[in-house]
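Open the structure in your viewer and keep the selection tool ready. This tour goes stop by stop, with something to select at each one.

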Amino acid sequence: MSDTVTLVAPCAGWLAPLEEVPDPVFAERMMGDGFAVDPVEGMLRAPADGTVINVPESAHAVTLRLGNGAELLLHIGLETVALGGKGFNARVAAGDRVKAGDPLIAFDLDAVATGAKALITPVIIASEGYAVEIDSAGRSVAAGAVVGRVSRERTVSSDIVHADVGAERNVRVTAPNGIHARPAARIVAALRPFLADVTLHAADRSANARSTISLLGLGAGRDEEVRIVARGSDAQAAVDAVAALILANFHEAAHISVPRASATHSGPVRAAPGLAIGQAFQLRSADLDVPTDGTGIAAEQAALATALADTAASLDGAQGTAAEIAEAHRALLADPELAATAARHIAEGRSAGFAWRAATAEATAALRATGDALLIERIADLIDLERQVIGRLLGATAPAAPALPKGAILFGEDLLPSQFLSLDTARLAGIVTAQGGPTSHVAILAASAGVPMLVAAGESVLAITDGTPVILDADAGTLSIDPDADALADASTRLSVLRERRARELAAAHGSAHTADGARIEVFANLGSVADAAAAVSAGAEGCGLLRTEFLFLERETAPSEEEQRETYSAIAATLGDRPLIVRTLDIGGDKPVPYLPLAGEENPALGLRGVRLTLARPDLMRIQLRAILRAVPAGQCRIMLPMVADLDDYRPVRTLLDEVSAELGVTERIQLGVMIETPAAALLAEQIAREADFLSIGTNDLTQYTLAADRGNASVSQRIDAMHPAVLRLVREVGRGAAQAGRWAGMCGGLASDPLAAPILIGLGITELSATPAQVPAVKAAVARFDMAACKALADKACAAQSAAEVRALAMEAAA
Ligand code: PEP
Ligand code: MG
């Protein structure tokens, strides 16, 4: 077997050094040395003679074994696994022998360029013991042009490398949290340029300094002395590099040296109301079934390498603290101990998924054994990575739904709307997330399903064992883990009182709502599905004030067709009978991404191409949706509403399009088109907007985040997000006043409309329609009936004059008592 193999360009394009690949996994050679080509043609060819080891189902990458034994990974573009095979056509399969220049994968250059993060295609020598030499990268090459060579390194006897060249040094760890995940990742990164074997010793424990997992297991805390020991030709330099890092406190900024559930974190926050008693259930990927046996060692290794690389690539683009966490996650994905454990299982004939699960389980057990609270928090990271890598190995973008036990209180890092939608809500008693914000879309889904939910509860909740009894009091923002018998008895009494009150309110909910002195207030419901519509009707809703159509666009590979949309809208309209139905046009972006509509990576998605802005940019989507709505909902019942409007320029083009579509379909009635007031701009221009729009409906979830400059999905500011804030209420007053001046009605469909405490204040501010979650309709109706107009106005005035949301809440509670 020849030691050196010549490499040729796998496609025409720009030959670039790996440093230029905008992804540290490749650029920092975490997977190995190599080169990259930014292609100008859609055909990937073999860079040398060899055998195909593996082509994943998504056909975005291929691994080859060359004549000298080197294994090569060719990865077309970055983050292309997410394209799910669209635009790729594999010309070879595992086991095929290829000659240099033979076609491997054909790909649609345009489709991949628009769908992926980048087109640049890294070619990586993934096996150890080979040297790569590239001839002057930074030039354009034709396919088949010689670009360099890969040679088997002459095996230097380990005695020579390690020839008793050694160094050691003792240093004291002064970083406040010791060597936790991020410092460990930094040590691993700092050692990358060195050849020496390095170990860290603390008391009688020792760790491989090139392994984050091993370093975490060392459990070196603050003020502990560690000994750095290195063997190899550059031992001294390696020791110095690690010592310098430890002495510099790992360059950690003060704000990230505290655990995530930090001093500034003040406990769980209510995201959906209610009280629940149940048993803990941790959301993890153990529910994803992986095959036990592999299909060949090389194929499983290659599949795991691709899944790890794709997971690491998906961590790009994180900002701030998230970027720090991403760095730690990347290090875990490249961890040699985890890799070695997984490789051992694969060598024993296991599948890549089985091996990766076994490796993370071993690492988790080691972390748990330290008994260190901070290290135990890192278990959540491993669990998260286990889920992501296995999800990729199984070709799933989202893991399968877990089988919940009855009365489950689900714990998770955070939950995606799509994950919630896959849960069996009949078995779900409540949800607690470590991260997340109270008005995220998953919180809205939970509230509309009547599932109490707490967010921002901190990482410690992820260590609660499955089956532990739990009392979740979302209204009080408290969580009792393994409560005693008295607490359980007390909670179950409160639960019965709540249930009785709910039953009374429900029995009274079927008439139309009026204040105590007879002013008409419509109480509608927010819907996302046909099932919600049925729940709303049984709860006494008088119509639908917000149909969130985006849920129809989630959890799928392509946008729903006009016909499919028509069927769903029509079923919802039929379920509502003759009650009015306000359909909101597609509102995606922010925390509601969809896989088939790749939005360019936005630094601030909440301030980006969201809601009506996206559909104005994609009139094709808007037209299909308007056609489906008009065909599905009888004109007398149908109203349409636009999300994320800032001013009339967002409204007028849609009015024109709606009139065009109406004419096309022969709809002669003028369909009402309203505007959601979700931006401070729209609130301040309410009167102007209401002179053209048919109605206004306030979305307090977004209006609050934009008014208070507090991200609705960010746990660390979740305590600030309260729509009862006087600044938000003053904007509501502006909307009520503006609509009345223009002779239109103003309603509210944001989360505040579901809060019975807020009802009298909102009525006092001029809101005449409240659209709540179906589950809250009876309570809101009961609240409306309790006050007369004069009392509502007096309370509203006091609320607008208050100085904080807490003060407003106290006023509202006093009024309701
Ligand atoms: C809102 O922002 O208040 C609203 C109702 O819209 P969504 O929560 O769907 O963004
Ligand atoms: Mg909104």
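Begin with Met 644, which sits in the loop between strand 29 (638–642) and helix 20 (648–665). Keep in mind throughout that this is a predicted model. Is Met 644 buried or exposed? Its relative accessibility is 1%, so Met 644 counts as buried, the cut-off being under 20%. Now check the backbone. Phi of Met 644 is positive, about 65°, although the residue is not a glycine. Most residues other than glycine have a negative phi.

**Another positive phi**

Select Asp 223 next. Look for it in the loop between helix 5 (212–218) and strand 18 (225–231). Asp 223 is not a glycine either, yet its phi is positive, near 70°. With a relative accessible area of 45%, Asp 223 is partly exposed.

**A buried alanine**

Go to Ala 196. This residue belongs to the loop between helix 4 (181–191) and strand 16 (197–202). Ala 196 has 1% relative accessibility, so it counts as buried. Which residues does Ala 196 touch, leaving out those up to four places away in sequence? Show Arg 210, Ala 230, Arg 231, Gly 232, Asp 234, Ala 235 and Ala 238. Then draw a distance from Ala 196 to Val 229, C-alpha to C-alpha. It comes to 9.7 Å, for two residues 33 apart in sequence.

**The magnesium site**

Select ligand 2, a magnesium ion. Which protein residues are its donors? They are Glu 678, through OE, and Asp 702, through OD, at 1.9 to 2.0 Å from the ion. This pair links distant parts of the chain, 24 residues apart. Glu 678 lies in the loop between strand 30 (672–677) and helix 21 (680–684), while Asp 702 lies in helix 23. Colour both by accessibility. Glu 678 has 3% relative accessibility and so counts as buried. Asp 702, at 2%, counts as buried too.

**Helix 23 against helix 24**

Two packed helices are described by the angle between their axes and the distance between the axes. The crossing of helix 23 and helix 24 is right-handed. Now show the side chains at the contact. From helix 23, pick Leu 703, Thr 704, Thr 707 and Leu 708. They meet Ala 727, Val 728 and Leu 731 of helix 24. By class, this contact has five nonpolar and two polar residues, with no charged ones.

**Helix 17 against helix 19**

For the last stop, select helix 17 (residues 562–576) and helix 19 (residues 619–632). Their axes come within 8 Å and cross at roughly 40°. Helix 17 is therefore oblique to helix 19. This crossing of helix 17 and helix 19 is right-handed. On the helix 17 side, show Glu 562, Glu 563, Gln 565, Arg 566, Tyr 569, Ser 570 and Ala 573. On the helix 19 side, show Ile 624, Gln 625, Arg 627, Ala 628, Ile 629, Arg 631 and Ala 632. How do the residues of this contact between helix 17 and helix 19 divide by class? Six are nonpolar, three polar and five charged.

Key. Residues are numbered from 1 along each chain as its sequence is written. Chains are lettered from A and ligands numbered from 1 in the order in which they are written. This is a predicted model: local features need pLDDT of at least 70, side-chain atom pairs count only at pLDDT 80 or more; totals for chains, interfaces and linings use all residues. Side-chain values use heavy atoms; hydrogens and water are left out. A crossing is left-handed if the near helix is turned anticlockwise from the far one by less than a right angle, and right-handed if clockwise. Helices (H or I, at least four residues) and strands (E, at least two) are DSSP runs, numbered from the N terminus. Contact means heavy atoms within 4.5 Å. Ala, Val, Leu, Ile, Met, Phe, Trp, Tyr, Cys and Pro count as nonpolar, Asp, Glu, Lys and Arg as charged, and the others, Gly among them, as polar. Donors are N, O and S atoms within 2.8 Å of the metal (3.2 Å for Na, K and Ca); water is not among the atoms, so sites may look incomplete. Buried means under 20% relative accessible area, exposed over 50%, partly exposed in between (1.4 Å probe, protein chains only). Axes are lines fitted to C-alpha atoms, for helices over the stretch in contact, and angles run from 0 to 180 degrees between N-to-C directions. Angles under 35 degrees count as roughly parallel, over 145 as roughly antiparallel, 65 to 115 as roughly perpendicular and the rest as oblique.
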